[in-house]
Amino acid sequence: MEYKWSMTDDATPLGVISQPSRVAEPDEGIGVDELGLAARNHGLPLEALRYDVTPLGLHYLLIHYDIPEVDPATWRLDLTGMVRSPLSLGLAELQRRPATTVAVTLECAGNGRAQMLPRPVSQPWLNEAVGTMRWTGTPLRPLLEEAGIEPGAVDVVFTGLDHGVDRGVEQDYARSLPLAEALLDEVLLAWAVNDVPLPPQHGSPLRLVVPGWYGMAHVKWLTSIEVIDHEFDGFQQSAYRLKRGPDDPGEPVTRMEPRALIAPPGWPDFMSRARFLHPGEVLLHGRAWSGWGPVDAVEVTVDGGGTWRAAEVHAPRERWAWQRWSLPWRATEGHHVLGARATDARGHGQAGRDGWNRGGFANPRGQDLEVLVVP
């Protein structure tokens, strides 16, 4: 069902139907609706970049609608569509299947959106929409093979139990993967994270985990999988595209672009989060990742991008998890602006990439981390 944006008699927005996708005016601040999203969702405290595996409560969180109420005892997953033998499985049946655990770095496609100019109006992420946790579940591929995919299948559609309205369209949250991607061995149906059952906010009782892809592909509260003979064009599939203008069809958002973040050194100012340090040797460090493969290089600046130095990039601990990097720095008195940028093994990098788009996705801009070195 489609709804239209409504106004009350006194021309005050009802606030129940989101406006079409737009960018902010040059002097427009963050709105109350965006503040509501920011309060409901949360990012990773960047000091938590110290952890190889993000503690459960510190991982970033984005919930499009409500957290649905689900009884794991009666919940079922239906696998239908272009298959010879449709499946309907309860949680216990899935958990009796071969299981695996994999560390996966997950980043929201809108990470960094609030720093874009002009600013796309949506969840106002800065740099913190990321985390790495260990997901446990059963691979998707054997289920698809057991169901028997019919010739002519194109996409696999994943639908969650979260239901709402976005830009006037009532919907269940649904995304698809091309069949070839869905059949990759690493795609997982996960029922646990960091050795505990999935909590409600992370998709209990079952969610999709697609290593290497931005977070919008990892459908939570998964309830159905459908194999179809055409490219899926549902709302959430169409929304996540790199569009330069209102009529631009754009390229689909898929795998995470290379990105590096700095674990903030020193201690912070309460409001601005600017950092303070004493002069001397400091080991700068952070994390870097790419959905296209290992990160080969990280460069760091301490003068706002005037000069860049190569950091040491540590080997990946696991295939789909972020990598640690480090760089010694002799901090001298004064004001410094720190930043980091990554390049992966395929040559994809943050440097030189114009990433602006109307959705605010895959932003290549890194941190501008202000540090005041004081006696």
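Which side chain of opposite charge is nearest to Arg207, and how many Å away is it? The model is predicted, and in it the nearest such side chain is that of Asp162, 9.7 Å away. Arg207 is buried yet has no salt bridge, because a salt bridge would need a side-chain nitrogen of Arg within 4 Å of a carboxyl oxygen. The side chain of Arg207 does reach the backbone oxygen of His202, at 3.3 Å.

Arg207 belongs to strand S9, residues 207-209. Leaving aside residues up to four places away in sequence, Arg207 touches a set of residues that includes Leu106, Trp135, Leu188, Leu189, Ala190 and Leu198. His202, His218, Val219, Lys220 and Leu222 are also among the residues that Arg207 touches.

Helix H3 covers residues 140-147, and its buried residues are Leu140, Leu143, Leu144 and Ala147. Viewed down the helix axis, the buried residues of H3 fall within an arc of 100°, so they line one face of the helix. An α-helix has 3.6 residues a turn, so residues three or four places apart point the same way. Just after H3 comes Gly148, with a positive phi of about 85°.

The strands to look at next are S17, S21 and S22. S17 (residues 295-301) pairs with S21 (residues 334-344) in the antiparallel sense, over six bridges. Within this pairing, Glu299 has Arg341 in S21 as its bridge partner. S21 is also joined to S22 (residues 369-373) by five bridges, and these two strands run antiparallel. Here Leu338 has Leu369 in S22 as its bridge partner.

Conventions. Residues numbered from 1 in each chain as written. Predicted model: local features only at pLDDT ≥ 70, side-chain atom pairs only at ≥ 80, totals over all residues. Heavy atoms only, no water. Helix = DSSP H or I, 4+ residues; strand = E, 2+ residues; numbered from the N terminus. Buried < 20%, exposed > 50% of the residue type's maximum accessible area, 1.4 Å probe, protein only. Lys, Arg positive; Asp, Glu negative; His and termini not counted. Polar contact = N/O pair within 3.5 Å; in protein donor to acceptor, adjacent residues only side chain to side chain. Contact = heavy atoms within 4.5 Å. Arc of directions from axis to C-beta. Pairing = 2+ DSSP bridges.
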